[in-house]
Amino acid sequence: MYRMLLRKLLEAFITLFCATLIIFTLIRLAPGDPVQLLLGHPGEAALSDKQAYDDRAAGLRAKLGLDQSMIKQYTAWIHKLVQLDLGTSIHTGRAVGAEIAARLPATAMLSAAALLIQAVLGLFFGTVSALKAGKPGDNAIRLVCVALASTPAFVIGLVLLSVFAVTLGAYEISSEAGLSRLWLPALTLGLIGAPQLIRMARANMLAEFGRIYVLSALSRGLGRGRVVKHALRNALLPVITMIALSLTSLISGAVVIESIFSWPGIGKYALDSILLKDYPVIQGYALVMVSLVILIHLCVDVVYALIDPRIHRNREAGAEEHV
Amino acid sequence: MFAARYFGEDTFIMVKKELETMLQITNLQVAYRQGRQSVRVLDNLSLELRQGEILALLGESGSGKSTIAKAVTGLLPPSAHIGGGTLHIGSTLRVDMDMAAGKGRGKGRGKGRGKGKGIQWEGIRGRGIAMLFQDAQQALNPVMKIGAHFRESLLYHRLASPDEVKPISIRLLSQLGFLDGERILECYPFQLSGGMCQRVCLALALCLKPAVLIADEPTSALDTVSQKEVLDLLKITQKELGLAVLLITHDIAVANAVSDRVIVLNKGVIEEEGDTRAVFSKPRAAYTRQLLSSRSQIAKPSRERESSHAGEPLLEIIGLEKTFDGKKRVLHDVNLALNRKEILGILGGSGCGKSTLARCITGLEYPERGHVMYRGADISRLRGKGKRGLCKHIQMVFQDARASLNPGRTAMQLVQEPLQYMHIGNKGERETLARFYLHEVGITGDLLSRRPPQLSTGQCQRIAIARALVLRPEVLICDEAVSALDMSVQAQILALLQRLHKQFGFSILMISHDIRVLRSFCHHIAVMNHGSFSEVKRASALLHESKQSYTQLLLRCAGDMEEGLY
Amino acid sequence: MSNANHPISLISGIVVLSLLAILILGAPFLAPYDPVKQNVTERLEKPSMEHPLGTDRFGRDVLSRTLHGGQTTLISSVVALCAALIIGLLVGLTAGMFHGSIIDIILMRLIDVLLSFPFMVLAMVIAALFGTSLIHLLLAVVAVWWVSFARLTRSVVLHAKNETSFAAARVLGATNGAIIFKELLPKAISPVLILATFELGSLILSIVALSFLGLGSQPPAPEWGSMLADGRDHFMQAPHILIGPALFIFLTVLAFNLIGEGLRDRLDPYEKSEL
């Protein structure tokens, strides 16, 4: 058991290490000289200042460590990261770590609420759809799912916003994060994620209905509701795993919704920084997101292992195969 | 009427009272939708099951025997359509099977499992009719402990208070041969073997005190020893409780071992019905005679056949060891020699490692230790080209013939496949060779251009044999090659293999769990148990000479079940 | 909604997609106006007889721009997805075929790393570092999207390797190449194609979302994403600018999803069970 935990932990660290390498390489590959970006283009400086400009550029280069080898630059960066130093924003001059930490609660709150909404929608309608398979109820749910899954996120957001904020006046538009403002963006985000979960819950339930233990439970004279419970217990584990994993896409996918609803989360912060070409912020944002995703995957793996894995061992292969 | 036949006129009145009818099926009609057509499986079938008897329903695949079990419990799949029929359970309950049959038909598609939506199946299943399934391990919910299954059944049907559940279940389990019922209740299904699961399922069925028990191929997935064990327990508990049991099986030996009466079913029609002893000793219907003769063809003790000459063995296995996942030891110090033109049988229960041995010989697995010598050279660790060259010498036929053939290719294409891989001959020569071998196995005419989905399982196995022989191998490994086939097809395939063996003179390594098949077919039999061979004996002498308790046990189990069948 | 006998969703998906394809590919002949010609006198006009979907802030006809714009969006996403699909198939087949070997371990680790990069995040990083353009966006798509195909292919291959037909091919002396192309690829191709139709839909939605945020292709090129980015600024005064492209995006993605649902129902390995 502990060996398994250690292995998962080690794997997570290797993944994180590879991810930092990728981010580092991407940044070094980017066209444009960061020094020029900070000081402005030398052509714009007056000719007499050429010497002064070069001096300042060289100084900055040394300060940023850009004159050293790639490996040294990388280790220096990692060294700072370990001390939780994500660098400072070019634009505002504030520490990126602190800025992200200040905005993380807003995104976390939004994602958690959306997760709850889509889990409830997914489990409920998925089960109902499976129970009514082939009947009008099932067809209606599937139709709504396909339509919802085909609608761009911002359309859902804008439609809900114009209905609730503009037409009904039930929602106040501002850039504050608060519980009273949470429900509409959370609902939007939940609606976007729900179709996939509904589809998966339905498919899993139907697959379970065909299994012999369901026939066997029926043959023991158990009622329909009781037998559905049997199937649910087997069908739900992969769905719950899926819900947990969808947290990653919620956190990253919140960008659009945060932008539409002016929700002050990290997505919006990153987006604003991209338009300002604020490299350290982008770098810090990417790193935080990747670490969060790895953390979520690790947690799901560990919880999955804690539930007696042998019971589900035969089933895992099948669940993985579901499209 | 039947009672009169068994016991004579004078006992008729008394016996009739005792042998109350527990389950009566009248004029049952079931059809399956296949695409746009509907295929009729049961046509006006009627049968009667009396108290305290085991009625065997004997039939080959496609005879509709399982459909009967599903129809009377309302568990038919949505594609099935019940045309009509009546069901009497006990003396009071009457069910019209076509009650709601018209409802779905109007829309042209099935509605709900097993039709008859108007029927209150919950009241019938469990208390009225209990059921055993073929794969017992799959019949238990994988995420529930055994104890939870009992608790749920007993409490749901209000047969016990929460405190009584545990003692009742433990008592039932001990009746079914579990001495440590307490531990079993805490187990998950995957922790128990197939035989144990089937006994648990039987206990679960009995805890509801059903009027009728339907057992659908309850022992087909088990090895000989557990099969015997489960059947014995079934028989004992049935006698104790005076239960009416409908035993559905394809195996004459199973029907012979436990049943009082037997019904022979062929393509949805009852061919013969009567006392088990009478039917099997003096069959009246031609179909029953045919079934019995294919069985005796398979099971008759082998004539004294000696492999032609000894000398250097063709294939020799020395000290072979194989483990899986670094822990589970599958093969342990396996030694075996196969002579030229010899037919050697490998006998063993499920999980004894016999299939792994076959995979090691053909290079599908690499052993950890030991050697597989073919004509004096070690072939167990060949890789790449060398390993591929091996297929000209050693070939294999698999249990699931259909799955071993690519469904998209015709018989002709399939047999040419190995020739293409080995770059043998040109297109014309390959076709001639393929046609020749297919002719030898009895695939001719328009069958040559058919694909596996359009062929029967027996025909698929014939093609697989032709495909294995087209490279003229010296050794043919048959891994349970006939186990999945109906008895009559089994006899045909075995006869075919025997003829081909005589004609082409290759050696055969026949792997099977079925002692009957091996005894009639092989020169020698090697008995495998827990990953190694306990003994190798001449087939004809196995019964008398065997010293090993395991072999004796296997032989006894098989022998008991066949008593009086010759 | 559909079963094997009534492939309603498959047929309706194909019909919608064909109509869209005719409209979009025939845009040079069907579009009433030049998509880039500006007309300052007709800025931000509401839908009318002359301009069925209205005009944008430069007075360009939204319908014409939508029809023309579809070409860029559709072709680029199909090309990107095909590239991802081919990479995914190859990686999945290799990893599955040599399961447990060092190649498989390295590939799986790579997949783990890429899985920890949410697509949105990677696309944003690339847009920030290399500049916002459709090409960069598509590169990000290919870099991330092959993973799902690779994982699916690998699991199908691992299942197939346990089947009798695989052992049979081995025993008959088939080469690795023959096994991959004759035994494994045919088994992987249909689930991968079904996944691809769904993924194409979500790919278009992702590209559109990023374009909406201003990280995709840039104006004035007539492309659905950039039209959305353009229309966003005028959403309050002239929501109709968004309606044209949004409607076409919805219909396109809907068509792909319907086809995917229909195909999956057809190829579903197990009989639909009811309780």
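Predicted model: local features only at pLDDT ≥ 70, side-chain atom pairs only at ≥ 80, totals over all residues.

Reader: Is B:Arg409 buried or exposed?

Author: Residues under 20% relative accessible area are classed as buried. The relative accessible area of B:Arg409 is 19%. B:Arg409 therefore falls under that limit and is buried.

Reader: With which residue does the side chain of B:Arg409 meet in a salt bridge?

Author: Leaving aside neighbours within four places in sequence, B:Arg409 is in contact with several residues, including B:Leu414, B:Arg450 and C:Lys182. Side chains of opposite charge can pair when their charged atoms come close. At 3.8 Å, N to O, the pair lies within the 4 Å limit for a salt bridge. The partner is B:Glu417.

Reader: What is the relative accessibility of B:Glu417?

Author: B:Glu417 is the salt-bridge partner of B:Arg409. B:Glu417 counts as buried, because its relative accessibility is 2%.

Reader: How far apart are the C-alpha atoms of B:Arg409 and B:Arg450?

Author: Along the chain, B:Arg409 and B:Arg450 are 41 residues apart. B:Arg450 is also among the residues in contact with B:Arg409. Their C-alpha atoms are separated by 8.0 Å.

Reader: Which residue forms a salt bridge with B:Arg359?

Author: The closest N and O atoms of this pair are 3.3 Å apart.

Reader: How many disulfides does the structure hold over all chains?

Author: B:Cys391 gives a further case, as the nearest cysteine sulfur, that of B:Cys478, is 17 Å away. B:Cys391 is buried, with a relative accessible area of 3%. Over all chains, the number of disulfides is zero.

Reader: Which backbone nitrogen does the side chain of B:Ser512 reach?

Author: B:Ser512 is part of strand β18 (residues 507-512) of chain B. At 3% relative accessibility, B:Ser512 counts as buried. Its contacts, with neighbours within four places in sequence left aside, include B:Ile346, B:Lys354 and B:Glu480. The side chain reaches, at 2.9 Å, the backbone nitrogen of B:Asp514.

Reader: How many helices does chain C have?

Author: Read along the sequence, chain C follows the pattern α-α-α-α-α-α-α-α-α-α. Of its 275 residues, 59% count as buried. Chain C has zero strands, and its number of helices is ten.

Reader: How much area do chain C and chain A bury between them?

Author: The interface brings 52 residues of chain C into contact with 63 residues of chain A. Carbon and sulfur atoms carry 74% of the buried area. The total is about 5100 Å².

Reader: How many salt bridges are there between chain C and chain A?

Author: C:Glu261 meets A:Arg199 in one of them, at 3.1 Å, N to O. C:Glu261 also forms a salt bridge with A:Arg142, the closest N and O atoms being 2.9 Å apart. Between the two chains, the count is three.

Reader: Which element gives the largest share of the side of chain C that touches chain A?

Author: The elements that give two or more residues to this side include α4 (102-115), α8 (176-212) and α10 (240-267) of chain C. The residues of this side divide into 36 nonpolar, seven polar and nine charged. The largest share is eleven residues, and it comes from α10(C).

Reader: In which helix of chain A is A:Arg142, the partner of C:Glu261?

Author: A:Arg142 and C:Glu261 are both buried. The pair crosses between chains, with C:Glu261 in helix α10 of chain C. On the side of chain A, A:Arg142 is in helix α6.

Key:
Residues numbered from 1 in each chain as written. Chains lettered and ligands numbered in written order. Heavy atoms only, no water. Disulfide = S-S within 2.5 Å. Buried < 20%, exposed > 50% of the residue type's maximum accessible area, 1.4 Å probe, protein only. Contact = heavy atoms within 4.5 Å. Buried area = accessible area lost by both parts, 1.4 Å probe. Helix = DSSP H or I, 4+ residues; strand = E, 2+ residues; numbered from the N terminus. Nonpolar A, V, L, I, M, F, W, Y, C, P; charged D, E, K, R; others polar. Polar contact = N/O pair within 3.5 Å; in protein donor to acceptor, adjacent residues only side chain to side chain.
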